[in-house]
Amino acid sequence: MSNPEHAFQELARIFSSRGNQVLEIEIIPPSLGATFLQDGCSVGIAKKALVQAYTVARALFFKTLMPMSEDDLQSAILTKAQSTNTVTAITEVMLLFDCEHLTACNWRKRRLCAAMAPSNAQDIPNQIPAITELLEAELTLMSSYQCSPLHRHTKSPTLWYHRLWVLRHLLERRAWSTEAMLQLQRSELEIILRAGELHPKNYYAFSYMRQLNALLAQRMAGKPDWKAEAALPIVNRTIEWCLANPRDISGWSFGIYELSRVPDYTVRAHALEKVLKFSLDVGWEGESLWTFVHQAVKQFGLESVADGMGLRCILETVSNDSPSTQAALQKKSWQTWLDRAKVYWAVNGQNDTS
């Protein structure tokens, strides 16, 4: 049985010793009979112990961290003692319990801003940790929250905004090659897709990726073909993820957004072909997928792709005498495409439905 002080110290130790690694944190049920479990980067903590640790961390935060001036923050960064890691672990414990704790999150911004202050960079460049290392450590901390099976962290607007803020400063303080930018974009995509798996229809995660794309495009404004070059691998990976999670409307909406960034007709047509082949083969009737089909055809002029898959021409064999058929022909929505698919399945003897 742990007490609050012990729970806080144990959790602070875990955060302080993680280095730059991403932790996978999970709330474990009391039936396991353990307060903490750790196997490498996989960490389990009982809900009661987390509450206990938070009460101690919150008290320490308002007693010791909130009164700190900018000079105090800079001195804390310069200190390489173990106590410094414990200080930063206070807010890490608080955000683990409450991912929307704006005060704790803003304190972490203040700490990073103190490290990035011009006086630090000019006066004592060899004494402070590399600013980029601090920013990278902050990113891995966000990944530990956003890629763990926690209840709210994967969809937290506070954490996603903080991640974008950190990345913006990281981009400003390092020389990035085109390949490094592409690798960053791909790695961030994997983060948001993991968050989307943990919390379906994760609007905040996909919105973050849109904002990041805009930020990267702004930095690569002198390279006119950057947008298409960057979007191509993202489109393929996104469509692959959407087909594995066909009910996720946020993922399909992001897929349409990515297709809009690729001017190549062949790429757009190939993406739609993959989606239509999947849906026609398995008999998928879900609204999210067919909404993607409708929007892709409408926005990018891909009617010939749908014709080639046997959808539009099939309806021409159906009698137009029926009022319901006439209404279906006039509809301009995802249901029109689903109706065509149903006729396709009927004609080809495929009766499987999702």
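Predicted model: local features only at pLDDT ≥ 70, side-chain atom pairs only at ≥ 80, totals over all residues.
Residues are numbered from 1 along each chain as its sequence is written, and side-chain values use heavy atoms, with hydrogens and water left out. Local features need pLDDT of at least 70 and side-chain atom pairs count only at pLDDT 80 or more, whereas totals for chains, interfaces and linings use all residues.

Helix 14 covers residues 287-300; helices are DSSP runs of H or I with at least four residues, numbered from the N terminus. Its end C-alpha atoms are 20 Å apart, which agrees with the 20 Å that its 14 residues should span at 1.5 Å a residue, the expected span being 1.5 Å times one less than the number of residues. Of these 14 residues, 10 are buried (under 20% relative accessible area, 1.4 Å probe, protein chains only). Among them are Trp290, Phe292, Val293 and His294. The buried residues of helix 14 pack against helices 11, 12, 13, 15 and 18. After the helix comes Gly301, with a positive phi near 60°.

Trp290, Phe292 and Val293 also belong to the residues with the most contacts inside the largest nonpolar core, which has 111 residues. Such a core is a set of buried Ala, Val, Leu, Ile, Met, Phe, Trp, Tyr and Cys residues joined through side-chain atoms within 4.5 Å. Helix 11 supplies the largest share of this core, 9 residues. Beyond its neighbours within four places in sequence, Phe292 is in contact (heavy atoms within 4.5 Å) with residues including Ile239, Trp252 and Leu272.

Helix 5, residues 102-115, likewise reaches 20 Å from its first C-alpha to its last, close to the 20 Å expected. Its buried residues include Trp107, Arg108, Lys109 and Arg111.

Definitions and conventions: Helix = DSSP H or I, 4+ residues; strand = E, 2+ residues; numbered from the N terminus. Buried < 20%, exposed > 50% of the residue type's maximum accessible area, 1.4 Å probe, protein only.
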